[in-house]
Each structure stands twice: as C-alpha cells, then as structure tokens.
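User: I'd like to learn how to read pockets and cores in a protein model. Could you walk me through them?

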Amino acid sequence: MGDWLTVVGIGEDGFKGLGKNARRALMGASRIVGGQRQLDLLPPCIGGERQLWPSPFSLAPVLESRGEPVCVLASGDPMFYGVGASLARHVPSAEMAIIPAPSSCALAAARLGWPLQEVTVVSLVARPLAALNAHLFSGVRLLLLSNDGSSPAAVAQLLCERGFGASRMTVLEHLGGDAERRIERSASEWGDAAVADLNVVAVECLADPGVTGLSRLAGLPDSAFRHDGQLTKRDVRAITLARLAPKPGELLWDVGAGSGSIGIEWMRAHPSCRAMAVEADEGRQQLIEHNRDALGVPGLQLIRGKAPQALNGLERPEAIFIGGGVTREGVFETCWDRLKPGGRLVANAVTLQSEVTLMHWREQYGGELTRIHVAQAQPLGEFDTWRQALPITLLELVKPLDA
C-alpha cells in the first residue's frame with residue numbers, strides 16, 4: 001500500500017518553515033487532520049479537506065481513511081510526546097512517513113545553551129503536576145511541557161512548597177515563531193505573570209538551605225511516608241525491593257499495601273515501572289493517595305478492596321509483594337496463579353502464624369526463606385544498647401517459565 005499516511009511536524013514558523021518533502025505531502029493530500037492551531041498555519045493553496053481532531057480525541061478520522069493520501073499535522077516532533085507515537089501503535093511503519101520539525105525541547109535547549117542529553121524532560125500535558133516531585137534535586141535542569149498558560153504558576157507554587165523556591169524558572173513562549181518571548185525569575189518571585197498557553201518551562205533546581213532531595217534508590221527514610229504504623233520499615237523495604245528487582249516497564253502488585261511504600265518505591269526505580277496498590281482500609285487508602293503524590297508517582301493505581309477478591313480482573317504482573325493478608329485464604333494461590341511466568345513473588349511475615357504459612361508455601365513451591373534482624377542503638381541510662389526490632393521472615397519465589 002505504501003505511505004498513505006504522512007505525519008508532518010510543523011513549528012510556529014508555519015508552512016514557510018517546512019521542507020520540500022513536507023510541502024509535497026501536504027499538496028498531495030486529499031485530507032489533512034490536525035488541531036485548529038496547526039490547520040490555521042496552512043496557506044489557501046493547500047487544497048486537501050481540512051479536518052479537526054474530534055472531541056474527545058480519537059484516531060478514528062485517520063484510521064478510517066486508510067489507503068487515501070492523508071496528512072496529519074503535529075506540533076514540532078510528532079514522535080516526542082506527540083500524535084505520531086499514538087499512530088505508530090496502529091499503523092505499520094511501511095505505511096506511514098514521519099517528517100519531524102524541531103521539538104519545543106530542542107528549541108528551548110538551543111535558546112538556553114543547555115546540552116539536551118543532560119536535561120530531564122517532564123510532560124505536564126493532561127498529566128498530574130505531582131509527577132514533578134520525583135525530579136526535584138538541587139542542580140538538576142528540567143524542561144517541562146506545559147499543559148496551558150496556568151502551568152508556570154502552578155510549577156512555581158509546587159517548587160516553593162517543596163523547598164525549591166530559589167530555583168530559577170525560564171518560560172519560553174511560542175518558540176520558533178514571530179511572537180516568541182522569554183520570561184525569567186525565581187520560583188518564589190513568580191507571582192501571577194501572564195503566560196501564553198503555548199509555552200515550555202525551564203527550571204534550574206536549587207534547594208532552599210537545609211532541604212535535601214530524596215534518593216531514587218530503594219530504602220527511603222520512614223519519615224518520607226505518612227503511615228499509621230503499617231509500614232514496611234526502611235531496611236526491610238530496601239531488602240524487599242532488591243528481591244522484587246524492578247525492571248523498566250514491569251508491573252507490580254502490592255497486596256495489602258498499607259501506606260503504599262513498596263509500590264511507590266518500585267515506581268520511583270524507573271519512569272516506566274507501574275504498580276497497583278491493593279488496600280481494603282479506607283484510612284490507609286488516603287495515606288497511599290497522599291504518599292504517591294508527595295513522592296512523585298501519581299500514576300500508582302489504587303485498588304480499593306480486600307484480596308483475593310480485589311485481584312479479579314487485574315492485569316497480570318511481573319512481580320507481586322504480599323505485605324498484608326499472608327494468612328488469608330486464597331491470597332497466595334490467586335497471586336501465584338496470576339503471576340506471569342518468570343515473575344517474582346516476595347512475601348513478608350512478622351507473626352508466628354504468617355511465618356508458618358510461608359514455610360508451607362516453600363514446601364509446596366520452593367523458593368528461598370530469609371530471616372531479617374535489625375537492631376538500632378538507643379540510650380539506656382548513661383549508655384547505649386541495641387534495641388531489636390521484630391524479626392521479619394521473607395519468602396522469595398520465582399515462577400517457572402513453563403508454569
């Protein structure tokens with residue numbers, strides 16, 4: 001069938017900024033699909049039918065025209081947080097040509113003199129602002145793709161609340177066009193500056209005195225989480241996550257999630273890691289919602305209910321942690337059945353009854369049992385002594401590939 005679909009990246013400089021191949025595709029298209037802003041950049045000589053994306057957004061107008069010469073207009077680089085990536089999941093590469101323009105981040109880096117490979121890019125387009133919390137470290141440079149003109153003020157407020165009010169913010173409007181404009185000031189001084197909807201926010205993170213960012217390695221301080229005592233403590237949490245071994249793109253079930261600490265740290269390990277926190281207690285559900293936002297992983301999915309019933313219909317995971325409900329009938333069996341072949345299951349026990357359950361599972365399914373003892377030095381009169389925390393028994397299993 002050949003290239004019936006061409007995705008053309010267009011910048012603020014409009015049609016005049018396009019290359020020969022992009023112009024030729026637009027001139028020959030029977031239909032051109034895009035947003036109103038992109039379509040308005042085309043001159044009258046482009047004769048193809050112009051069609052707006054539907055609301056709510058759908059790829060149907062393009063996919064239903066398969067075989068016709070169709071052009072899709074996108075801002076900048078269509079494969080960088082753009083519609084090109086969505087279309088590529090439905091249209092074979094042999095049937096689609098993509099002609100990118102410089103992305104807004106490439107233009108912003110050029111204006112600022114920032115090496116793009118050393119910058120962290122975060123999209124705020126239809127995404128929770130809380131995702132920014134995972135990237136706040138002094139000295140880090142961020143490029144933020146704004147949702148609209150209100151995004152810079154919201155970013156400034158969040159930076160101040162998190163102890164990064166001294167950070168330098170640069171807002172770049174209408175990059176590459178005649179209306180390009182630059183606004184600079186610190187987050188604490190930002191105020192209510194009027195900003196165009198089309199903007200990129202550049203942030204040079206600078207922590208206020210005494211503020212330190214949280215490591216992305218497993219084992220955050222217990223004080224980083226709100227909890228009611230149902231928290232996998234720091235040292236045990238680090239060991240547990242090492243056994244769960246998060247890898248990019250994998251899904252974790254955190255069963256009996258408590259405050260959500262295991263699922264949250266799993267997701268902080270890599271931006272593409274996903275987690276579902278299964279919790280029946282309403283108070284702890286609220287703690288999970290607070291902690292996931294405060295620690296920058298608002299995408300953690302909260303499953304409200306009690307295992308094993310709440311596990312029905314969930315996407316199969318690559319890893320499962322059972323932190324609560326070890327002795328509840330059917331929890332392990334359901335988890336083991338739903339775990340993908342080659343996946344990891346880790347369960348922790350603190351009571352004698354739950355420890356016996358882990359030993360029973362090991363007899364049936366194999367695996368490795370580990371006893372964890374943690375003691376901390378605490379005052380005893382004029383001296384110090386070791387205060388032993390309750391020992392934790394950990395069972396680690398790997399599901400056979402042929403299971």
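User: What volume does the largest pocket have, and how is a pocket found?

Analyst: Rolling a probe the size of a water molecule over the atoms shows where empty space is left. On a 1 Å grid over the protein atoms alone, a pocket is an open set of points where a 1.4 Å probe fits, with protein on both sides within 12 Å along at least five of seven lines. Here the largest pocket has a volume of about 1400 Å³ (the space filled by probe spheres set on the points, which are joined across faces, edges and corners). Among its 50 lining residues (those with an atom within 4 Å of a point), Arg-37, Gln-38, Ser-75, Tyr-81 and Gly-82 are the closest to the centre. Elements giving two or more residues to this lining include β1 (5-10), α2 (36-39) and β4 (70-75). Please note that this is a predicted model, where local features need pLDDT of at least 70, side-chain atom pairs count only at pLDDT 80 or more, and totals for chains, interfaces and linings use all residues. Residues are numbered from 1 along each chain as its sequence is written, and side-chain values use heavy atoms, with hydrogens and water left out.

User: Which residues lie nearest the centre of the second largest pocket?

Analyst: They are Gln-230, Leu-231, Thr-232, Gly-323 and Val-350, out of 45 lining residues. The volume of this second largest pocket is about 1000 Å³, and α7 gives the most to its lining, with three residues. Helices here are DSSP runs of H or I, at least four residues, and strands are E runs of at least two, numbered from the N terminus.

User: Why is helix α8 described as largely enclosed?

Analyst: Buried means under 20% relative accessible area (1.4 Å probe, protein chains only). Eight of the eight residues of α8 (261-268) are buried, so the rest of the structure largely encloses this helix. Its buried residues pack against α7 (234-244), β11 (251-255), β12 (274-279), α9 (282-294), β14 (319-322) and β15 (344-349).

User: Which members of the largest nonpolar core touch the most others?

Analyst: In soluble globular proteins, nonpolar side chains tend to be buried together. A nonpolar core is a set of buried Ala, Val, Leu, Ile, Met, Phe, Trp, Tyr and Cys residues joined through side-chain atoms within 4.5 Å. In the largest, of 27 residues, the answer is Phe-225, Leu-244, Leu-252, Trp-266 and Leu-300. Helix α8 supplies the largest share of this core, four residues. Apart from it lies another core of 25 residues, including Ala-307 and Phe-332.

Methods
Buried means under 20% relative accessible area, exposed over 50%, partly exposed in between (1.4 Å probe, protein chains only). Contact means heavy atoms within 4.5 Å.
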